[in-house]
Amino acid sequence: MDEAFVFDNYVTGRAFVGRHSDCMALGNLVANHENVCIYGAPKSGKTSLVHQTLINIRTSGRAITVPMCDLSGVRTAGEFAINLVCAVMKQFCDGPSDCAGFIEQYLSGTGFGFDESMYEDFGKIAVLHGRASAAEVTSALMLPYRVASERSCDICVVFDEFQNVLEIDEYESILKEMEKISAGSAGSGVSSVFCGSAVNAMKWIFEYKKYFFRNVAVLPLSVVSEQDVIDHIVSGFRPTGKVIEKDLIQIPYRVFRGNMWYLNQMSFLCNARAIGYINERTIADAVETIISLNVPRFRMIVSDLTVFQLSFLKAVLRGETRFSASDVIEKYDLHSSANVKRVREALMKKEILTFSEKDEPVIIDPLFEFWFRREML
């Protein structure tokens, strides 16, 4: 029997909960070869949304090739370029001869090459000789468009952890070149999906600096509704013969703010511990287990905060919004309005806090917020 409560990987099909309108929106954008930006906290469902949407597209009878370019460990222009080249090649090459032929066809005259020993020993399907030049970065960026044109196929490049492009010294030139190529390749059959788990960094790229302005759609992740979560959990227990009252799901739903990663962990633990009826104590114990697993991470976050940053966070969780007001500065010993601005920016850079369009503060991780309220206020 398939596990109903999956939290160790992305989910699709019956395990995918809610966000059907997000899938439709993303599917329409990709089908029209438009670029899309999706950002949210780690484990908020971005990857599941992308994979479910791609399944929907293929189920509808439309062929699409999807290179997955993970930028998690990228720190240089060369690493960025080779990751993109390898992501594309993985979709079109099968074996050493294909790899060598692909590079000869599309990347001849550049520093990219195929090394059979590296392929045999480490599985590397392409290597880059020396430091990447601007021309080689451009060649890598152009690669999906050239392949789509010459092979008459649709390609959707998914960039995971895209905010890490900011760690590259030449990030400005890379982003500008990406903009230029994308804007000049309308109707090419290529779209890009930029996913990122650093909320404020992604906002900075796409909403503050406005890279890809008018050439990217920012797709906010909708909140999975309480009813969708209740239906998912109740139906997930049904094949096991276990029963849970719908009302008991409401409290953990609010604690986790509808985050399915946390809710699936809770349900998995309840399923493992309960024999028949899942009661309030079983759920409370499961929630406490999840908190205890994350306490070391939460303590590390807090230990990295200054006195001012801790005070600002406490002010946020006590409902303050006018942080530069003299009474708030005095109450929380924030020193000055200039210091308030610095502290706010520091908490955003650490991806602890973000602000809504109405400039309302939001703690990014719902479980950290719950733990901090309980332990630090």
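Me: Which residues is D22 in contact with, leaving aside its neighbours within four places in sequence?
Reply: D22 is in contact with L49, L219, P220, L221 and S222, where contact means heavy atoms within 4.5 Å. This is a predicted model, in which local features need pLDDT of at least 70 and side-chain atom pairs count only at pLDDT 80 or more, while totals for chains, interfaces and linings use all residues. Residues are numbered from 1 along each chain as its sequence is written, and side-chain values use heavy atoms, with hydrogens and water left out.

Me: Where is D22 found, and what is the nearest side chain of opposite charge?
Reply: D22 is found in helix α1, residues 20–31; helices are DSSP runs of H or I with at least four residues, strands are runs of E with at least two, and both are numbered from the N terminus. D22 is buried yet has no salt bridge, and the nearest side chain of opposite charge, R19, is 4.1 Å away. Buried means under 20% relative accessible area, exposed over 50% and partly exposed in between, with a 1.4 Å probe and protein chains only. A salt bridge needs a side-chain nitrogen of Lys or Arg within 4 Å of a carboxyl oxygen of Asp or Glu, and for charge Lys and Arg count as positive, Asp and Glu as negative, with His and the chain ends not counted.

Me: OK, on to the sheet. What order do the strands have?
Reply: The open sheet of five strands has the order β2-β5-β6-β1-β7, with parallel pairing, where two strands pair if DSSP finds at least two bridges between them. The edge strands are β2 (68–70) and β7, each pairing on one side only.

Me: And how many bridges does β1 make with β6?
Reply: β1 and β6 (residues 190–196) pair over four bridges, with V36 opposite V193 and Y39 partnered by G196. Two bridges join β1 to β7, residues 217–218, where A217 is the bridge partner of V36.

Me: Are the side chains of β1 buried or exposed?
Reply: Both faces of β1 (residues 36–39) are covered, with V36 and I38 buried on one side and C37 and Y39 buried on the other.

Me: Which residues touch the most other members of the largest nonpolar core?
Reply: Those are F80, F159, F162 and M178, in a core of 57 residues; a nonpolar core is a set of buried Ala, Val, Leu, Ile, Met, Phe, Trp, Tyr and Cys residues joined through side-chain atoms within 4.5 Å. The largest share, eleven residues, comes from α3. A second, separate core of 52 residues includes V234, L269, I283 and L353.

Me: Changing topic, how many salt bridges are there?
Reply: The structure holds twelve, among them one where the side chains of D154 and R62 meet at 3.0 Å, N to O. D154 lies in the loop between α6 and β5 and R62 in the loop between α2 (46–59) and β2, so the pair ties together parts that are 92 residues apart in sequence.

Me: What about E288 and R374?
Reply: Their side chains meet in a salt bridge at 2.7 Å, N to O, and the pair links helix α12 (residues 280–303), which holds E288, to helix α16, which holds R374, 86 residues apart. E288 is partly exposed, with a relative accessible area of 36%, and R374 is partly exposed as well, at 37%.
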